2 protein chains.
Amino acid sequence: MSGAPPLQRLSLNQITVDQWTLPELVDGCARAGVTTIAPWREKVAEVGLERAGRLIADAGLSVSSLCRGGFFPAAGERERRRAEDDNRRAVEEAASLGTDVLVLVCGAPVGRDLPGARAAIAAGIERLAPHAADHGVRLGIEPLHPMMIGERSAIVTLGEAVDLALRLDAGVVVDAYHVWWDPALERELARAAGRIVGFHVSDWLVPTPDLLQGRGMMGDGIIDLRRIRGLVEAAGYDGPIEVEVINRDLWRMPGDDLVALTCERFAACC
Amino acid sequence: MSGAPPLQRLSLNQITVDQWTLPELVDGCARAGVTTIAPWREKVAEVGLERAGRLIADAGLSVSSLCRGGFFPAAGERERRRAEDDNRRAVEEAASLGTDVLVLVCGAPVGRDLPGARAAIAAGIERLAPHAADHGVRLGIEPLHPMMIGERSAIVTLGEAVDLALRLDAGVVVDAYHVWWDPALERELARAAGRIVGFHVSDWLVPTPDLLQGRGMMGDGIIDLRRIRGLVEAAGYDGPIEVEVINRDLWRMPGDDLVALTCERFAACC
């Protein structure tokens, strides 16, 4: 079992403090001594890509990843091209913000065609890979919890993400919330060795109040986060640990209080 | 791809029509030409085991399974014994009602100890097996959707259920709702050949309104049920197909209307 991680490994995923704009996040992290963030594209777009990059650089912050590209399965050729263009822009935005990881949320099936969705995802990643390589950006395939399959991702197990990553020379992003239930977790993390490009934490609440926005702050749920961090580190990952809590109740807290709670729980539970 | 299943294969799981008592369910099935049911123990207890058995037999109904035993992980020795006693009674009730299948919902972890929960489940099934064999009852290990891990079951993949079934000489219950998302579904159903003792259907709604009571009527969601039935049948299962829809909105319908809808969708979508 590992001990508490140093605060320098904490990366604050922007959605944890969704009540803040990007400039507010940058200022808040400076106040709290948080050195790394993971912005979301919508929040970057609000202030503009160039200004966002400047704000982050001027504050001396690192960027662990950009959230997100993906959503590959499309209803038709036009939608597919639109998604492809958007993904190419996402790669460019990641590079512009100074991160080498673009998180991929792979997209839901169209209708009932789950095998088709999985094929479209593999094809989409394959098409995007050269553009990512040109920009020095690694594509991080993030398996999502199976309950998110209908809206977010047909890639719902770490095993499948690792299969894709090995086949397409991509990376995987391991979010404890999405994978902790998996009896194959230990085996698949070992298979992922050398390909893990991100590690995210939050907690599984009992009961879970909402399928999408009901994640818990670390320590408020039942995930053995320290055990999972140990497995992730045993697979060779020693990079930033992104705190990505998506919880409506926490968004009602003053941002500074939420960041303080995040830092406290990061040390106590991760 | 298989054609529509005959109505004789439909078994009405009692919770689909939770607005009805057991006597109402028995009468309603007679009116609708449904020949098989799957009662829940609480509803049996409401009328008493003997009377329930008589009602069902007098109506000429078959019983595909009894729902449910399980909940093996316990906070202490006293709770473990209480669960063990209850599971022994569940076996006896199944036999008394004339079914040879007891569905096992295996139980949630105690605290954060997921490996411990899985060990307790294996041990619990092993201890219960001789009693089940004495009564001619097969234990059907049902993997539940991973989103139900915190309240219902640490067994959340078909692969793990099949591993347990092979190791402990038990059966598995395949509920399309719980397993449809799994990229290993085809492979694990093939491994389950000869051990499938039940097949349940409902549908995955987008969005899913509730983690526990938000299942859809067949045809209202995105599960390719006919494909999964084909895989289940290819694994040698040709028994009853239980319709187990757990949906608060449907419980507000008049029971007869809901049964009619169930029969119609069973033919069209399963």
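**Figure 1. Outward face of helix H10 of chain A.** Asp257(A) and Ala268(A) are exposed residues on the face of H10(A) turned away from its buried side. A residue is exposed if 12 or fewer other C-beta atoms, placed from the backbone, lie within 10 Å of its own, buried if there are 20 or more, and partly exposed in between. The model is predicted: local features need pLDDT of at least 70, side-chain atom pairs count only at pLDDT 80 or more, and totals for chains, interfaces and linings use all residues. Residues are numbered from 1 along each chain as its sequence is written, with chains lettered from A and ligands numbered from 1 in the order in which they are written.

**Figure 2. Buried side of H10(A).** Gly255(A), Leu258(A), Val259(A), Thr262(A), Arg265(A), Phe266(A) and Cys269(A) are buried. They cover an arc (directions from the helix axis to the C-beta atoms) of only 130 degrees, which puts them on the same side of H10(A). Their cover includes strand S1 (10-13), helix H1 (22-32), helix H9 (225-234) and strand S9 (241-243) of chain A.

**Figure 3. Secondary structure and burial in chain A.** Chain A has 10 helices and 9 strands; these are DSSP runs numbered from the N terminus, helices being H or I of at least four residues and strands E of at least two. Buried residues make up 53% of its 270 residues.

**Figure 4. Contact between chains A and B.** Chain A contributes 23 residues and chain B 23 residues, where contact means C-beta atoms, placed from the backbone, within 7 Å.

Technical notes. Two residues are in contact if their C-beta atoms, placed from the backbone, lie within 7 Å.
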